[in-house]
Amino acid sequence: MTQIQKIDALIDHMRLLFPGVMVAITVAVAAKFLSEHYDTPAMLLALLLGIAVSFLGEEGKAVDGIGFAAKFMLRFGVALLGARISFSLMAGLGFDLIAMVIAGVLATIAFGMAIARFFGHKWRFAFLTAGSVAICGASAAMAINAILPRDERSEERLIFTVMGVTVLSTLAMIAYPILVNQLQLNDVAGGIFLGGTIHDVAQVVGAGFSVSTEAGETATLVKLFRVAMLAPIVLVASLIIRRVCARSETDKRPPILPSFVVGFLILAALNSFGVIPTALSDFLGQSSRWFLLIAIAAVGMKSNLKQVLSVGGAAIALLVVETIFIAIFILLGIHFLT
């Protein structure tokens, strides 16, 4: 194939993807607009609006582009999250606090994996929900879903988890600052609790600064450290899943090192060494949020609401129990550290 033929093939492929990608972008922009005017999480609105026009993902010219947005734009968005992470940011937390946050993340994942069978769910859903609760909500759910072996219910589990953690995170944003005051936690301890327990970054910021400036800054710092754990957790999980899937003919083995994890680590390293200017880091962080918003809109368009809701009440209970577990764990950690 000549160079001209390759360019023509690329242009044809872009034309094929264009309608679906534009539909996903339109839904994401609408979700962002509604979010800013009605104080509702943009991720949740993008998912719900996507589900409302899910017929576009079933047939027609938009199908290929929607599939592209749901998969590749998602992974690009997760990779760009690395631009918000730096070693100096993490070092500022102190060893004791870092150890507690790491322990909280790992303990929550282990707890979710251990109790899932009592709620009638297997390891895929357990890891998806526990990882999203432990790390960074919807972003973690989408990253973890990308490395899990695929089956006919993968999209349903992802959509349910994104909806669940976003709703719980919003409720926590309202309830946890009240709890901080009731427990008479100081600004630093309150920030640690909010950053160590609330699922999504935006809700952490909202909850933290509603308490005080110091609590908001502490909460954001702790939350970004949890975000930083996304890459190593996904990397280790990918290696474990790859070994397990080697024994199964029905599951497709994930790559040894997912490309979006590589991108995340590279950007985090560059940001840590000061290679990425602050303005560019902020731009990449904003771009990450937009790519993830577009991706979750596309995921919604690929879904069937009736099938998503069929996941059942036990799945809701599992998410709630995991959320309560990490809250109790962090509170106990604060008690022993302060």
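Let's start with helix α1. It has 36 residues and reaches 50 Å from its first C-alpha to its last, close to the 52 Å expected at 1.5 Å a residue. That expected span is 1.5 Å times one less than the number of residues. Helices here are DSSP runs (H or I, at least four residues), numbered from the N terminus.

A quick word on the source. This is a predicted model, where local features need pLDDT of at least 70, side-chain atom pairs count only at pLDDT 80 or more, and totals for chains, interfaces and linings use all residues. Residues are numbered from 1 along each chain as its sequence is written, and side-chain values use heavy atoms, with hydrogens and water left out.

Back to α1. Where is its kink? At F18, shortly before the proline P19, and the kink is about 40°. The bend at a residue is the angle between axes fitted to the seven residues ending there and the seven starting there. The buried residues of α1 include L17, G20 and V21. Buried means under 20% relative accessible area, exposed over 50%, partly exposed in between (1.4 Å probe, protein chains only).

Next, the aromatic pairs. How many does the structure hold? Six. Rings of Phe, Tyr and Trp (its six-membered ring) pair if their centres lie within 6.5 Å; planes under 30 degrees apart are stacked, over 60 edge-to-face, the rest tilted.

F111 is partly exposed, at 23% relative accessibility. F325 is partly exposed too, with a relative accessible area of 23%.

Now Y176 and F193. Their pair is tilted: 5.1 Å centre to centre, 40° between the planes. Y176 lies in helix α8 and F193 in helix α9, so the pair ties together parts 17 residues apart in sequence. Are they buried or exposed? Both are buried.

Last, the largest pocket. Its volume is about 700 Å³. A pocket is an open set of points on a 1 Å grid over the protein atoms alone, where a 1.4 Å probe fits, with protein on both sides within 12 Å along at least five of seven lines; lining residues have an atom within 4 Å of a point. Of the 27 lining residues, the closest to the centre are A42, M43, A202, Q203 and R289. Which helix gives the largest share of the lining? α14, with five residues.

Key
Helices (H or I, at least four residues) and strands (E, at least two) are DSSP runs, numbered from the N terminus. Grid points are joined across faces, edges and corners, and a volume is the space filled by probe spheres set on the points.
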